[in-house]
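Me: Please take me through the labels one by one, and set each value against its cut-off before you conclude anything.

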Amino acid sequence: MRRCPGLLVGLLVTAPTLTAQTPEWLSVGGQLRVRAEAYNNGGFRPDNSDQYLLTRVLLHARVQPTRFTSLFVEGMDARGPWKNKSPAGSPWRDHADLRQAYLQVGADKDLATLRAGRIELAFGDGRLVGSLPWANTLRSFDGARGSVSGAGYRIEVFGTSVVRVEQDKFDRNIPGNNFYGVYSTFTRLVPKSSVEPFFFWRRQSELTTEAGMRSTMNFGTYGLRGAGKLADFDYDTQMALQSGSLGAESIRAWAGHWLLGYTLPTAPLMPRISAEYNQATGDENPTDNRKGTFDQLYPTGHDKYGLTDLVGWQNMKHVRGALDLAVAKGWSATTRFSKYWLADRRDALYSGGGGVLARSTAGTAGTYVGQEIDVIASGKVMPNLAFSSGVGYLMPGTFLKNTTPGKPYTYPYAMLTYDF
């Protein structure tokens, strides 16, 4: 594993040569990424720290025998040198596997296209459905995706099953876990804005209800996103409602996101200030046969609610302020301050990946989770080489101090990404 950095340097040298020698009907490319990261006081415990390297290689090829048909294949190799062995697979490792492989009918800019096979799904800002690019192992789905587009609109329809990443096995979809939906984008309804109504349906078998019964879950997520600009202001808002059932247990939940930013274009460093509020429901009673925790589906959740990704869009209230600076051409710096609360004191604190971090079933630990400070710098070293570095620091509040050892959590990283 310690030869990985040398291998990446070799690929950086040979990649431009490879792409320059391909015939017109074949295109090849990829991405090489290296990220050094660490954490201190994982789980808010004083004895849980780690430092490691994450490497990821993506290689793809597109064969286009005709104007209207093409075959796309993408491989992924994700490794974690010096990372603790557990957990295996997602989101750390996936050794030499198939990430995408689909047949496409219609070119990307055509009125209608269809993809079938192993595909990627990403809609809007990725808050509910995305490819998870920050993780070392990206997300993909088995199924089909079609789109129809024209002047000022695009409508996408899909039927899929999410692919489970396994470190030393071929990645496969999860039987009985199906995901369907429609996502629409309209860019002429409101000037300089995008209006995006959507509907998703998720079905998963063999889940356990609050009463301990094995049942099938079926629920819909429907909502609307709006994003745009008005003079020097920018805004982004999204609302989602969920309803359905898990066996005899009803599902009722909602979540919302609201952001307003203001840029001073003539001031030095072009500062942009923004304020943001996020909320998602929790479960009021874990034994009433009703599920109230919002399901964030398959999100690209990194840095949506903090750089540390310790808070997800479930059972939460989140306030964040930010300052963005254009420090040089192609380079930016950002600092953010967040505060978190539980929406319901008897439900858990969920991470960005949906895992339970802490819980007080009696509801006696309070609701104030804590506050986080993030600092990030990023830019282009060369046209195809990007650099990013940052640190997140979460200071536990009453809830975490009562349910965990309550130590502050620190997450620094530095990352290089080369696209070819």
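Predicted model: local features only at pLDDT ≥ 70, side-chain atom pairs only at ≥ 80, totals over all residues.

Me: What makes the contact between Arg127 and Asp125 a salt bridge?
Reply: The closest N and O atoms of Arg127 and Asp125 are 2.9 Å apart. A salt bridge needs a side-chain nitrogen of Lys or Arg within 4 Å of a carboxyl oxygen of Asp or Glu, and therefore the pair of Arg127 and Asp125 qualifies. Asp125, with a relative accessibility of 19%, also counts as buried.

Me: What is the N to O distance in the salt bridge of Glu37 and Arg35, and how do you know whether Glu37 is buried or exposed?
Reply: The side chains of Glu37 and Arg35 meet with 2.8 Å from N to O. Glu37 has 6% relative accessibility and is therefore buried, and Arg35, at 3%, is buried as well.

Me: Where do Arg214 and Glu206 stand, buried or exposed?
Reply: Both Arg214 and Glu206 are exposed, and their side chains are joined by a salt bridge of 3.6 Å from N to O. The structure holds 23 salt bridges, and a network of them links Glu276, Asp303, Arg320 and Arg336.

Me: Which residues have the most contacts inside the largest nonpolar core?
Reply: They are Leu128, Phe179 and Phe200, in a core of 52 residues. The strand that gives the most to this core is β22 (residues 409-419), with 4 residues; a strand here is a DSSP run of E with at least two residues, numbered from the N terminus. The name nonpolar core applies to a set of buried Ala, Val, Leu, Ile, Met, Phe, Trp, Tyr and Cys residues joined through side-chain atoms within 4.5 Å.

Me: What does Phe200 touch, leaving aside neighbours within four places in sequence?
Reply: Taking contact as heavy atoms within 4.5 Å, the partners of Phe200 include Phe123, Leu128, Val129, Phe158, Phe179 and Leu297.

Me: Which loop holds Leu269, and why is Leu269 called partly exposed?
Reply: Leu269 belongs to the loop between β13 (249-263) and β14 (272-280). Its relative accessibility is 40%, which means that Leu269 is partly exposed, and although it is not a glycine, it has a positive phi of about 70 degrees.

Me: How do you know that β3 and β4 pair?
Reply: Two strands pair if DSSP finds at least two bridges between them, and strand β3 (residues 69-79) and strand β4 (residues 94-105) have 9 bridges in the antiparallel sense, so they are a pair. Within this pairing, Leu71 stands opposite Leu103 in β4.

Me: How many bridges join β4 and β5?
Reply: There are 5 bridges, in the antiparallel sense, and Tyr102 stands opposite Gly117 in β5. The hairpin of β4 and β5 has 6 residues between the strands, and there Gly106 takes a positive phi near 100 degrees.

Me: Why is Ser332 called partly exposed?
Reply: The relative accessibility of Ser332 is 30%, so Ser332 counts as partly exposed. Ser332 sits in strand β17 (residues 331-341), and its contacts, not counting residues up to four places away in sequence, include Ile376, Ala377 and Ser378. The C-alpha atoms of Ser332 and Ser378 are separated by 5.6 Å, with the two residues 46 residues apart along the chain.

Key:
Residues numbered from 1 in each chain as written. Heavy atoms only, no water. Buried < 20%, exposed > 50% of the residue type's maximum accessible area, 1.4 Å probe, protein only.
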